[in-house]
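Let's take a walk through a protein model together. Have a look at the structure below, and then we'll go through some of its helices and rings.

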Amino acid sequence: MESYLRAGLAIYNAGEFHAAHDAWEDYWLDLDRDTADERFLHGLIQFTAVVHHTDDSNWEGIRGLAGSAANYLADLPAEYRGVNVGTVLAYLRAVRDDPEYVERVSPPRLTEDGVVLFPDDLDFDASAVAALVLAEEFGYEEAVLERATEFARADLKAGDEGSRFITFLMDFVRQPENRALIFQRLQQHVQRREFRETDVDGLFE
């Protein structure tokens with residue numbers, strides 16, 4: 001869960017409120033209902049929806065989402081899995097009681113153990129999650145990111161910590177201004193690796 005959680009926190013803090021929930025949703029869907037982790041992620045997902053919709057001026061919709069998210073988080077500790085749930089809950093309750101609060105007060109940052117995480121803070125595993133989320137959000141071919149992740153993990157297993165796949169995946173997450181170029185180069189490296197592996201298939205059978 002840690003990689004999914006950290007990826008979503010970093011994406012949210014980078015201002016991609018809509019994309020953040022995708023880092024948590026697939027993991028959340030597989031959790032047993034009404035467990036602490038399920039309520040935690042369910043609440044965070046709805047919290048990001050509240051923040052995403054703050055420009056809509058749909059006050060009743062925002063009020064309903066804020067109330068629902070607050071209910072999911074209400075019984076959790078103020079810091080759960082290191083995340084500042086208490087701060088989020090206070091914001092949600094304020095929005096529930098007065099939806100126009102979103103126009104007066106910025107939404108809180110999400111922290112882990114008191115630290116605001118950004119994409120630059122993510123390790124490879126969390127970056128791999130974030131890369132797929134951002135690919136979906138911005139229309140990049142997800143299959144390329146999936147293959148690059150496979151190659152990166154194979155390189156790590158082989159002891160190649162300087163793998164270009166690792167570097168490009170992490171740069172894809174960390175450098176939005178260069179994302180299109182990084183994706184193009186990553187795609188080229190994936191194609192080359194696939195060709196190389198296909199080229200030697202069957203030679204020693």
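Before we start, a contact here means heavy atoms within 4.5 Å. Helices are DSSP runs of H or I with at least four residues, numbered from the N terminus. As for the ground rules, this is a predicted model, where local features need pLDDT of at least 70, side-chain atom pairs count only at pLDDT 80 or more, and totals for chains, interfaces and linings use all residues. Residues are numbered from 1 along each chain as its sequence is written, and side-chain values use heavy atoms, leaving out hydrogens and water.

**Helix 4**

The buried residues of helix 4 pack against helix 3 (36-52), helix 5 (85-97) and helix 6 (101-104). Which residues are they? They are Ile62, Ala66, Gly67, Ala69, Ala70 and Leu73, where buried means under 20% relative accessible area, exposed over 50% and partly exposed in between, using a 1.4 Å probe and protein chains only. Viewed down the helix 4 axis, these buried residues fall within an arc of 165°, so they line one face of the helix; the arc is taken from the directions from the helix axis to the C-beta atoms. Here's a handy rule: an α-helix has 3.6 residues a turn, so residues three or four places apart point the same way. On the face of helix 4 turned away from the buried side, you'll find the exposed residues Glu60 and Asn71.

**Rings**

Now for the aromatics. Rings of Phe, Tyr and Trp (its six-membered ring) pair if their centres lie within 6.5 Å; planes under 30 degrees apart count as stacked, over 60 as edge-to-face and the rest as tilted. The whole structure has 10 aromatic pairs, and two of them are in this table:

| Pair | Centre distance | Plane angle | Type |
|---|---|---|---|
| Tyr12 and Phe17 | 5.1 Å | 55° | tilted |
| Phe47 and Tyr91 | 6.1 Å | 90° | edge-to-face |

Phe47 sits in helix 3 and Tyr91 in helix 5, so their pair ties together parts that are 44 residues apart in sequence. Both Phe47 and Tyr91 are buried. Tyr12 is buried too, at 2% relative accessible area, whereas Phe17 is partly exposed at 26%. Tyr12, Phe17, Phe47, Tyr91 and Tyr101 form one aromatic cluster.

Is Thr48 buried or exposed? Thr48, found in helix 3, is buried, with a relative accessible area of 1%. Leaving aside residues up to four places away in sequence, Thr48 touches Tyr12, Phe17, Ala20, His21 and Trp24.

Technical notes: Helices (H or I, at least four residues) and strands (E, at least two) are DSSP runs, numbered from the N terminus.
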